[in-house]
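Please open the structure in your viewer and keep the selection tool ready. The tour below goes from stop to stop, saying what to select next and what is there.

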Amino acid sequence: MRARSIGTATAAALALVAARDLLQKKHALLRNFPLVGHARYLLETIGPELRQYIVTSNEEERPFSRDQRTWIYASAKEENNYFGFGTDVDVEHVQGRAYVKQRTFADSLPESHGRPDLPDAVPSAKVLGGPRGRAKAFRPNSVVNISAMSFGSLSGAAVTALNKGAALAGTMHNTGEGGLSPYHRNGADLVLQIGTAYFGCRNEDGSFNLDRLKEVVAGAPVRAIEIKLSQGAKPGLGGMLPGAKVTPEIAEIRGIPQGKDCASPSRHTAFGDVDSMLDFVELIAAETGVPVGIKSAVGEMDFWDELATLMARGDRGVDFVTVDGGEGGTGAAPLTFTDSVSLPFRMGFSRVYGTFAERGLTDELTFIGSGKLGLPDNAAVAFALGADMVNVGREAMLSIGCIQSQKCHTDKCPTGVATQNPWLARGLDPESKATRAAVYLRTLRKELTKLSAAVGVAHPGLITATDIEILNGDYDARTLAAAYGYKDGWGELGPRLAHEITALLAAEPGTARDTLQA
Ligand SMILES: Cc1cc2nc3c(=O)[nH]c(=O)nc-3n(C[C@H](O)[C@H](O)[C@H](O)COP(=O)(O)O)c2cc1C
Ligand code: SF4
């Protein structure tokens, strides 16, 4: 009898916990997996103790180590993101690890700067589209922005959370190649991505439709257009969206027939070489007024050589290049492509940058980097190599609850981030996760400002390729400049841009800042 009542009481208590799990909105995992989800939180809590006896160290896991994820989670939740007792990196022996060199004395230190309504914004040192005189050229408010990830690979709830978070943090949100969905219309400025299937701006036969593109741009806060040539995780690869995944909603957004297989070609059909690509860029920039750039992983260099050579003539050009590292993420891709096709970020970016630097063109366009750059130290290396802005993909996903279970390709994402399953997506509460995304983005910018201050400069764009060294064997380190073959001044802003961004950061609100902001 006694055992029975204990059993009933336990069942009632468990039912209560399950009900609370289902109704709360803070933890997607518990909403989707009531009761069972607690095991993960328990393991997370006692993980450090367990790890002393079994499994991996804080630095070993990939793509993001435990320490990196802990930093992102704590930052997004506005919790203490400090670490105690010193580093657990084997600092003298990790080949390729970068070290920022702080300065003992410095003339200029970053103040609280940016827009009055966004006190922690770190604006770009370059005006996007300015050098080519685009009608809607502008200075991005934030050097950190959200990378291309489509509705379709991410749930509507995740896209909503990222878009609202981006709006709160004053960053731009890239739509990804899957078209501009209603979930992208929650307040953030957008970068509209066009992939090879021209989703959202295509004819029935899959060819590009300029009028449709103009309608999309006019109907949403699209600030720039990114033509996707490739991405680091699966470069040179086409794709097939199975008919079963082409729901009425996806069909409407992408402009494709419902329920039918839809192929994404591996190459563009609107242009076939660098020359015709530049004509395409100029056409859409003229017709829409917004800056137009390309996103690509780095493979053979002839493409970049020809691009820089043609741009040196001055009559045509891209407004930005987004260089995606081979270590970048994706919803789904063959292992060989994720592991072995295209160069890693630092190698690829430095080669592309050097191609433009050889021709004295680096102030003429904005360089954007992506590939695990949502961590302050990695981002600092990108800025030192000459990046003007960084895009963050998976780190933003982590900030809204992703637990790196790496099931994105199965439609069984346990946290509702990368799935179209309505039950799983329901677990993700867009409102609370929007705040987390925003706090993470702001924290990343703040950390970049702190790193700039350590180096003694006012802005991340002023960190140079000699301010950071990378470990080369056990007894040697080389500056980034030496490691990547940079010549004097490479990776640095020209004097006019350096002066302009320093003045912009020093200006009081309502004075020169507003003139320079345009
Ligand atoms: C779920 C997912 C979907 C993605 N979709 C796109 C896409 O539509 N277009 C694109 O250019 N890149 C796409 N990417 C790549 C990211 O934009 C980014 O370039 C890459 O993940 C590197 O950044 P990260 O290391 O910060 O994630 C996607 C990545 C992920 C994880
Ligand atoms: S499947 Fe796993 S890795 Fe992918 S988004 Fe969901 S939690 Fe993150």
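Begin by selecting Val100 together with Ile468, which is the bridge partner of Val100 in strand 12. What you have open is a predicted model, in which local features need pLDDT of at least 70 and side-chain atom pairs count only at pLDDT 80 or more, while totals for chains, interfaces and linings use all residues. Residues are numbered from 1 along each chain as its sequence is written, and chains are lettered from A and ligands numbered from 1 in the order in which they are written.

Strands pair here if DSSP finds at least two bridges between them, and both helices (H or I, at least four residues) and strands (E, at least two) are DSSP runs, numbered from the N terminus. The pair belongs to an open sheet of three strands with the order 1-12-13 and antiparallel pairing. Its edge strands, each pairing on one side only, are strand 1 (98-100) and strand 13 (477-479). With direction ignored, neighbouring strands of this sheet are turned by 30° against each other on average.

Next, select helix 8 (residues 274-288) and helix 9 (residues 302-312), whose axes come within 10 Å and cross at roughly 55°. That angle makes helix 8 oblique to helix 9; angles under 35 degrees count as roughly parallel, over 145 as roughly antiparallel, 65 to 115 as roughly perpendicular and the rest as oblique. The axes are lines fitted to C-alpha atoms, for helices over the stretch in contact, and angles run from 0 to 180 degrees between N-to-C directions. To see the contact (C-beta atoms, placed from the backbone, within 7 Å), show Val274, Asp275 and Leu278 of helix 8 with Phe303, Glu306, Leu307 and Leu310 of helix 9. These contact residues divide into five nonpolar, no polar and two charged, where Ala, Val, Leu, Ile, Met, Phe, Trp, Tyr, Cys and Pro count as nonpolar, Asp, Glu, Lys and Arg as charged, and the others, Gly among them, as polar.

**Helix 12 and helix 15**

Now move to helix 12 (residues 376-385) and helix 15 (residues 430-455), which pack at an angle of about 60° with their axes 10 Å apart. Helix 12 and helix 15 are therefore oblique to each other. Show Pro376, Ala379 and Ala380 of helix 12 and Leu444, Glu447, Leu448 and Leu451 of helix 15, which make the contact; the residues there divide into six nonpolar, no polar and one charged.

**The two ligands**

Select ligand 1 and the 28 residues around it (C-beta atom, placed from the backbone, within 6 Å), of which Ser147, Gly176, Gly328, Gly329 and Gly393 come nearest. The shell around ligand 1 divides into six nonpolar, 15 polar and seven charged residues. Ligand 2 has 13 residues around it, with Cys402, Ser405, Cys408, Cys413 and Ala418 coming nearest, and its shell divides into eight nonpolar, four polar and one charged.

**Two backbone details**

Most residues other than glycine have a negative phi, and most peptide bonds are trans. Select Arg62 and Pro63, which are joined by a cis peptide bond with omega about -5°; Pro63 is found in the loop between helix 3 (37-51) and helix 4 (66-76). Finish at Lys372, a residue other than glycine whose phi has a positive value, near 60°, and which lies in the loop between strand 10 (366-370) and helix 12.

Notes: Two residues are in contact if their C-beta atoms, placed from the backbone, lie within 7 Å.
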